2 protein chains.
Amino acid sequence: MTGLNERKQKILRAVVTDYIQTAEPVGSRTLSRHYQLALSAATIRNEMADLEELGFLKQPHTSAGRIPSQQGYRFYVDSLMDEAELTPQEKLYLEKFFTQLQKMREIDQIVQQVAKALSVLTRYTSLVLAPRLKQCAFAQMRLVPIDEKQALVVLITDTGYIRNKVIKMPRALSADELDSVVAYLNEELAGQTIAGLTAARMRKLRTDLYSRVDILHSLLAMLEECSSDEENRIFLGGTSNILDQPEFKDMEKVKHLLTLFEEGERLTFILETAPAGVTIRIGTENLLAEMHDCSLVTASYHLHGRPLGTIGVLGPTRMEYARVTTIIKEMTERLNTLISTL
Amino acid sequence: MTGLNERKQKILRAVVTDYIQTAEPVGSRTLSRHYQLALSAATIRNEMADLEELGFLKQPHTSAGRIPSQQGYRFYVDSLMDEAELTPQEKLYLEKFFTQLQKMREIDQIVQQVAKALSVLTRYTSLVLAPRLKQCAFAQMRLVPIDEKQALVVLITDTGYIRNKVIKMPRALSADELDSVVAYLNEELAGQTIAGLTAARMRKLRTDLYSRVDILHSLLAMLEECSSDEENRIFLGGTSNILDQPEFKDMEKVKHLLTLFEEGERLTFILETAPAGVTIRIGTENLLAEMHDCSLVTASYHLHGRPLGTIGVLGPTRMEYARVTTIIKEMTERLNTLISTL
DNA sequence: TTTAGCACTCGCCTTCCGAGAGTGCTAAAA
DNA sequence: TTTTAGCACTCTCGGAAGGCGAGTGCTAAA
């Protein structure tokens with residue numbers, strides 16, 4: 001089915017491994033020297049020529065070594081890659097990190113720290129998506145008056161996520177009035193996802209509360225806003241790490257990537273569309289053109305089996321897939337347990 | 001006092017102006033051609049030699065044109081620079097931008113948008129510092145219970161800044177108990193700056209509230225935390241813009257800067273130590289080594305005459321000082337009025 | 001005091017090897 | 001039939017050489 005006999009697979013694995021380490025095209029001599037293939041350079045050359053014809057390898061130019069093609073990486077990731085182990089240092093770092101993290105109570109902060117740690121551990125750029133509010137279920141709403149004109153709305157989801165926003169109050173309302181509106185909303189909306197606030201439901205609320213329609217309006221607008229201004233849900237870490245990669249010595253590419261890093265919505269989109277579980281997107285498998293010579297490893301974190309958000313690592317296609325995958329897996333697992341105790 | 005006669009000043013201005021535009025060393029011919037100096041190249045050469053000897057210009061190498069030295073820029077900024085006008089496009093952009101901004105109620109969001117706009121307008125990198133909580137005066141504190149174990153503390157400063165944090169409650173407290181603690185704190189702390197919470201005051205609070213010392217402890221810890229975890233007070237915009245500058249074609253420099261951009265505390269420090277009003281720091285006048293071939297233009301924004309935070313623009317020393325200064329001035333002015341209506 | 005003229009300097013660009021690494025092919029060995 | 005050794009060939013990379021051009025400093029004339 002794969003179309004590659006064992007020897008070809010061994011050679012392909014060796015090429016990928018070597019190229020990931022050195023970033024230099026790999027020649028037949030190097031392979032026969034440094035990897036236990038028990039084959040002469042000439043034999044390897046033949047096999048490599050085959051692998052090239054099959055589309056797994058490519059040559060930057062005639063008479064250079066081979067480098068893996070996108071298809072080559074894909075095959076490597078799917079079939080050849082060994083499981084990596086965390087190094088003792090990495091374990092230690094994670095241990096310390098999550099001990100530190102225990103003190104934090106707010107998910108956004110936690111998630112930001114995770115981005116940082118992820119970039120430190122992987123030495124690539126990390127992208128982390130905080131929980132998307134609109135997919136969470138409404139648990140309760142509180143209203144804290146600040147002065148006559150303003151109030152703080154506190155929105156609590158069933159996932160324990162807390163979001164708040166200041167709203168302007170259209171007119172001075174008595175505490176009783178406010179309380180009744182809030183109580184009503186709490187009752188009506190409990191258990192609903194925020195995305196599920198349909199127009200019909202809204203209309204019902206409006207008619208039910210016609211006497212306080214103005215304050216209701218403010219509150220609903222606030223909900224609306226909460227679910228829309230979600231660009232800031234993304235956190236990056238180690239953006240400067242891309243400069244360490246020789247494939248990004250070209251300023252143009254770097255520029256494109258850095259510009260992309262400033263575009264929260266597009267990044268959010270990329271992470272949102274990632275399926276649950278660990279996923280690896282290589283090169284043009286990524287939807288954004290800027291990432292066409294990058295690879296992105298993502299995983300989603302959960303609470304009570306519900307996916308909350310996504311964490312990801314972005315590097316060159318020549319990424320240390322095994323190491324990154326292991327780190328990401330470990331990180332999501334620990335993050336999951338951390339969140340559930342929150 | 002200045003030691004430069006009018007003609008030298010004119011020439012220096014011309015050199016700076018030209019170099020800012022072209023990023024190329026400026027020759028005597030160019031000056032006599034394109035600037036109305038009514039002098040021949042030879043004369044200009046003599047003057048330029050003088051200016052070099054005086055330290056205002058320097059040559060990248062013999063037989064190249066001159067470029068301004070740091071001292072040259074300093075003199076230009078202090079004495080030679082013309083006031084720039086906003087272009088109609090810039091005015092339009094600002095107008096639209098601040099109309100948009102009116103809708104926002106939270107200072108952090110506003111400030112983040114300001115960073116973005118500032119980088120778009122200047123085409124440099126912008127740094128914006130949100131209000132520092134600890135210098136604000138305590139206005140009131142609210143406590144919103146979430147469940148038995150957690151509560152949301154809402155802290156409101158006299159500048160209208162709202163900050164909130166979830167705290168773990170050491171034990172279940174009745175609503176009355178909570179209210180009394182909060183009421184007490186509100187009374188005791190009203191009008192105090194948060195930085196001014198001295199150990200002595202703390203002790204007094206402790207003894208006064210010995211019966212509820214545990215919840216008090218949580219609240220104070222939260223205050224403490226609020227004033228310490230202020231790394232996130234800084235917002236950047238247009239970080240990728242530095243790549244457009246020819247002086248940063250060198251990867252090393254870029255790397256250093258990008259790394260710096262990830263170090264919130266150090267950036268915060270830089271902006272915090274900037275004096276009120278518009279300030280220009282050129283090259284090594286900047287405290288951070290990474291910024292030694294950059295210039296930073298900063299200004300502080302205010303509420304009721306009290307400085308809240310700082311906005312800044314970071315570019316190469318070959319920065320368009322006049323344009324940036326004008327934009328920053330305009331931006332702070334508008335930001336000030338926006339905040340005061342908030 | 002200013003300007004024109006001129007010789008000189010020096011970085012940049014292009015061109016031009018030579019070295020080195022790696023290949024494909026062929027023919028011999030297993 | 002498969003593997004290996006040998007060899008000619010290809011192509012990139014790095015350094016050297018040399019011409020070009022922009023700009024200078026100096027001198028002498030205006």
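The surface near DNA strand C has five nonpolar, 10 polar and four charged residues. Ala, Val, Leu, Ile, Met, Phe, Trp, Tyr, Cys and Pro count as nonpolar, Asp, Glu, Lys and Arg as charged, and the others, Gly among them, as polar.

This is a predicted model: local features need pLDDT of at least 70 and side-chain atom pairs pLDDT 80 or more, while totals for chains, interfaces and linings use all residues. Residues are numbered from 1 along each chain as its sequence is written, chains are lettered from A and ligands numbered from 1 in the order in which they are written, and side-chain values use heavy atoms, with hydrogens and water left out.

**DNA strand C.** Helix 3 of chain B gives the most, with three residues. Helices (H or I, at least four residues) and strands (E, at least two) are DSSP runs, numbered from the N terminus.

| Residue | Protein atom | Distance |
|---|---|---|
| A:Ser28 | side-chain N or O | 2.7 Å |
| B:Arg7 | polar side-chain atom | 2.8 Å |
| B:Ser40 | polar backbone atom | 3.1 Å |

**Domains of chain A.** Chain A is divided into domain 1 (6–80), domain 2 (88–132 + 232–340) and domain 3 (134–228). These bounds come from an automatic or database domain assignment. The contact between domains 1 and 2 takes eight residues from domain 1 and 12 residues from domain 2. Contact means heavy atoms within 4.5 Å. The two domains bury about 920 Å² between them, 62% of it on carbon and sulfur atoms. Buried area is the accessible area (1.4 Å probe) that two parts lose on being put together, summed over both. On the domain 1 side, A:Ile20, A:Gln70 and A:Arg74 lose the most area, together 54% of what that side buries.

One salt bridge is counted between domains 1 and 2. A:Arg74 forms a salt bridge with A:Glu285, the closest N and O atoms being 2.5 Å apart. A salt bridge is a side-chain nitrogen of Lys or Arg within 4 Å of a carboxyl oxygen of Asp or Glu. Helix 1 (6–22) and helix 4 (70–80) each give two or more residues to the domain 1 side. Helix 4 gives the most, with five residues.

**Chain A with chain B.** Here 36 residues of chain A are in contact with 36 residues of chain B. The chains bury about 3,300 Å² between them, 51% of it on carbon and sulfur atoms. Two salt bridges are counted between the chains. The side chains of B:Asp244 and A:Lys255 meet in a salt bridge (2.9 Å, N to O). The elements giving two or more residues to the chain A side include helix 6 (107–122) and helix 10 (251–261). Strand 6 of chain A gives the largest share, six residues. By class, the chain A side has 14 nonpolar, 12 polar and 10 charged residues.

How values were computed
A polar contact is a pair of N or O atoms within 3.5 Å; within protein, one must be able to donate a hydrogen and the other to accept it, and residues adjacent in sequence count only if both atoms are side-chain atoms.
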